[in-house]
Amino acid sequence: MEPKTAMSDFSASIGNRGLYRLAAGTLLVAFPGTTAPDWVLHELENGLGGVTLFGFNVESPEQLSRLTAQLGGAGRPVISLDEEGGDVTRIAYHTGSPYPGNAALGAVDDVELTERVYRSIAADLARSGVNLDMGPVADVNTTDDNPVIGTRSFGSSTELVSRHTVAAVRGLQALGIAACVKHFPGHGATQQDSHLEIPRVDVPRDLLWERELAPFRAAIEADTKSIMTAHVAVPHLTGTTPATLSPAALTTLLRGEMGYDGVVISDALDMHAISRSVGLGGGAVLSLAAGADLLCLGPLPTQQEIHGLLDEIIRAVDDGRLPLARLEEAADRVARLREWFALARDEAAESDIVGLDAARRAVTLSGSPAPLVDPFVIEVDTPPTIAVGDVPWGVAPWLPEAEIVRIKPDTAQPAELLGRAEGRSLVIVVKDAHRYPGSRDLVSTLLAERPDGVVVEMGLPVWRPRAAAYIATYGAARANAQAAVELLTV
């Protein structure tokens, strides 16, 4: 057994056990490793709301099932993770997702297919003991240079995003996995990453209502069990305050005007937009006061920092900054969510082949690639985003006979690469090349000498260089890569 911890001592010393349980019940904590530490199990017994799992918590489906069984032993906590399909995956973090992400599904634009894909994801989560998926992304991606949404969005059309958001919610919740539609009130029109700063969505109210908010209204009508806040400022609505901390966004707009009475979950409070503006404890108090019911914590806060956060919530109730009734309201909503978890569900599910089928329908080919001859593949390295993490991507699993090099644009030697490719098929793989001038320059230099080259874009196909063939996958999941290689090897 682990020694008794500071948090355990703290929780044991609280005079008002009811208040402590109410405060703890608002937290979704994270922890390192593939087994639950004793302090997490102890706090689950003392009312902790639940956990958020990340890729580093997952080794295999069998291990994940053991972990969730260990966590569920303390009752029926919320066990959540980000499983969006495509680039953002936790259960397939070490291999890449077998499902294409939202951009690919939006490109196909078949809502029945989207529902089937999310139903299959739900089956994977249900088998693993996860009960809440932090998805789907309902952001309308109207900014090509958006550094954090991109292929995670169904697209740039409000109507398309709305109908596929509904399909995703239905697919997940048919098998008892609560959907968490994100990022309210919309993260698609930003050029900043809220992991690092506070982005602005500087649009008038009418445009916000008709564009950003429409997918969330559709999700509410589809009975989504939870909605995640965005750390974005909307000047006419929240001023300079991120929506996660804004009563105008969460209470007046979401609860009042939009009529939502499900669980509101904050995006991770350790993201810089919160932690470096008002601090972890301050962010927790302000978010709860604004209308959040569960506070998501990423991997950064330590056990001691979580202890301090709980202390801050309790002090805020004592000094009147946070009404006790607000914690009681949050507890009631989470209790209703837990009751919903216990309902009987339809256990029928699709096999994983639906993911590959969807990826094959999404991939597009322009031009005519020649048959591959001793292929030389250049994968242009793209830095991972914080939301995605370091998930494997590329064509290597599907082109074992090829020589594949991963190159950083700023250190690439085009002449040397062209020499190695002489007399061979040249395939250049990029991801969101439109966002990286160095990537575009390198690809253009290579194609100037090798116009017979093939370009495979595994992000958004915004920049399309002239090449013998151009393949767009709309995502970098394993399924997307397999679908692309099939077009090269037919």
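**View 1. Arg211 and Glu212, a buried charged pair.** Arg211 is buried, with a relative accessible area of 17% (buried means under 20% relative accessible area, exposed over 50%, and partly exposed in between, using a 1.4 Å probe and protein chains only). Glu212 is buried too, at 2%. Arg211 and Glu212 form a salt bridge, and their closest N and O atoms are 2.9 Å apart (a salt bridge is a side-chain nitrogen of Lys or Arg within 4 Å of a carboxyl oxygen of Asp or Glu). Side chains of opposite charge can pair when their charged atoms come close. A note for all the views: this is a predicted model, in which local features need pLDDT of at least 70 and side-chain atom pairs count only at pLDDT 80 or more, while totals for chains, interfaces and linings use all residues. Residues are numbered from 1 along each chain as its sequence is written, and side-chain values use heavy atoms, with hydrogens and water left out.

View 2. Glu379 belongs to strand 10 (residues 376–380) and Arg406 to strand 11 (residues 403–407), so the pair ties together parts that are 27 residues apart in sequence (helices, H or I of at least four residues, and strands, E of at least two, are DSSP runs numbered from the N terminus). Glu379 is buried at 3% relative accessible area, whereas Arg406 is partly exposed at 37%. Do look at the ring as well: Arg406 lies over the face of Trp393, at 4.3 Å from the ring centre (a charge sits over a ring if NZ of Lys or CZ of Arg is within 6 Å of the ring centre and within 35 degrees of the ring normal).

**View 3. Arg435 and Asp145, a bridge between two loops.** The side chains of Arg435 and Asp145 meet in a salt bridge, 3.2 Å from N to O. Arg435 sits in the loop between strand 12 (426–430) and helix 18 (437–449), and Asp145 in the loop between strand 4 (132–133) and helix 7 (158–173), so the pair ties together parts that are 290 residues apart in sequence. Asp145 counts as partly exposed, at 34% relative accessibility. The structure holds 34 salt bridges. Elsewhere, a network of salt bridges links Arg255, Asp261, Asp293, Arg326, Glu329, Asp332, Arg333 and Arg336.

**View 4. Val29 and the largest nonpolar core.** Which residues touch the most other members of this core? Among its 113 residues, they are Leu27, Val29, Leu53, Leu71, Phe184, Ile313 and Ile378 (a nonpolar core is a set of buried Ala, Val, Leu, Ile, Met, Phe, Trp, Tyr and Cys residues joined through side-chain atoms within 4.5 Å). Leaving aside neighbours within four places in sequence, Val29 is in contact with Trp39, Val40, Leu48, Gly50, Val51, Thr52, Leu297 and Ile306 (contact means heavy atoms within 4.5 Å). Apart from this core lies another, of 21 residues, including Ala402, Val454, Met458 and Ala476.

**View 5. Thr52 and its partner Ser80.** Thr52 lies in strand 2 (residues 50–53) and is buried, at 0% relative accessibility. The side chains of Thr52 and Ser80 make a polar contact at 3.2 Å (a pair of N or O atoms within 3.5 Å; within protein, one must be able to donate a hydrogen and the other to accept it, and residues adjacent in sequence count only if both atoms are side-chain atoms). Setting aside residues within four places in sequence, Thr52 is in contact with Leu28, Val29, Ala30, Asn57, Ser80, Met134, Cys296 and Leu297.

**View 6. Two phenylalanine pairs.** The count comes to three aromatic pairs (rings of Phe, Tyr and Trp, the last by its six-membered ring, pair if their centres lie within 6.5 Å; planes under 30 degrees apart count as stacked, over 60 as edge-to-face and the rest as tilted). Phe54 and Phe56 have ring centres 5.6 Å apart and planes at 15°, so this pair is stacked. Phe54 is buried at 13%, while Phe56 is partly exposed at 37%. The rings of Phe184 and Phe216 have centres 5.4 Å apart and planes at 90°, so that pair is edge-to-face. Phe184, in strand 5 (residues 178–184), and Phe216, in helix 9 (residues 214–221), link distant parts of the chain, 32 residues apart. Both Phe184 and Phe216 are buried.
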